[in-house]
Amino acid sequence: MKKTIPFSILLSGLMLTMFFSCKKTTTPAPADPCLNTTITISNSVVTTVPCESTPSGSITITASGSTGFTYNKNGGVYQSSNTFTGLAAGVYTMGVKDVNGCTKTQVVSVGNATAGPNFTNVKSIVSSKCGNCHLNGGNDGSVNLDADCSIVSKWDRINVRCVSQGNMPPQGLNATQKAQITAWVNAGHKFSD
Ligand code: HEC
């Protein structure tokens, strides 16, 4: 004999199935991989030398507290080297990222190198011996030496006229002053030398 299952039972069975299969399952949010990571940054800075055509400042970042670090500057592309060179004086936001993508930033300032002892000697010779011919707006021979960078850029002509030829200033310099100019030239004739 053929058994028939009443339609109402079938329907309630179907509804039950639907009820259970529609039960909302909550997927737990993935744990934050950076929650227990504390990255610490330190830095070392090399100042840039004023008056040079290429900035020479640099920042080296050292990070600890995790592994697989890469480094960036001002939100730029992350790189494997922790040293950034060719930096002008200014403020930079340095960033590190670890193996899990956890990041940390630090604001770092690059300053200007101070005047070196040899340059300081030459500047004081210029101040005392080159007078209004080349200072205070003076421009004899199209040379004005008011700005530190003008002294730096004219290093070779200062050397020729004051030391090799010895006819600048017109009354000449003494041996000590000439030796000081020579020392600056030999040291590299930069602002920082
Ligand atoms: C009394 C004025 C006077 C004084 C002081 C003087 N100069 Fe001059 N200088 C001149 C004149 C004028 C010229 C242009 C004629 C020439 O080149 O000889 C000149 C030209 C120069 C030039 C450009 C010419 C070149 O060969 O490139 C340099 C560099 C220079 N002087 C350096 C100096 C320095 C450095 C001092 C100081 C240590 C100095 N002078 C002191 C008058 C002066």
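The structure is a predicted model, in which local features need pLDDT of at least 70 and side-chain atom pairs count only at pLDDT 80 or more, while totals for chains, interfaces and linings use all residues. Residues are numbered from 1 along each chain as its sequence is written.

Helices are taken as DSSP runs (H or I, at least four residues) and are numbered from the N terminus. Helix α6, formed by residues 175-187, has 13 residues and reaches 18 Å from its first C-alpha to its last, close to the 18 Å expected at 1.5 Å a residue, where the expected span is 1.5 Å times one less than the number of residues. Within α6, Q180, I181 and W184 are buried, a residue being buried if 20 or more other C-beta atoms, placed from the backbone, lie within 10 Å of its own, exposed if 12 or fewer, and partly exposed in between. Seen down the axis of α6, these buried residues fall within an arc of 95°, and they therefore line one face of the helix; the arc is that of the directions from the helix axis to the C-beta atoms. On the other side of α6, A175 and N186 are exposed.

The buried residues of α6 pack against α2 (117-129) and α5 (155-164), contact being counted where C-beta atoms, placed from the backbone, lie within 7 Å. In the pairing with α2, residues N118, F119, N121, V122 and I125 of α2 meet Q177, Q180, I181, A183, W184 and A187 of α6. The two helices, α2 and α6, pack at an angle of about 140°, with their axes 9 Å apart, the axes being lines fitted to C-alpha atoms over the stretch in contact and the angles running from 0 to 180 degrees between N-to-C directions. The helices α2 and α6 are therefore oblique to each other, since angles under 35 degrees count as roughly parallel, over 145 as roughly antiparallel, 65 to 115 as roughly perpendicular and the rest as oblique.

In the loop between α5 and α6 is P169, and the peptide bond from M168 to P169 is cis, with omega near -10°. After α6 comes G188, whose phi is positive, near 125°. In the segment after α6 lies H189, which has a positive phi of about 45° although it is not a glycine; with 21 C-beta neighbours inside 10 Å, H189 counts as buried.

Conventions:
Contact = placed C-beta atoms within 7 Å.
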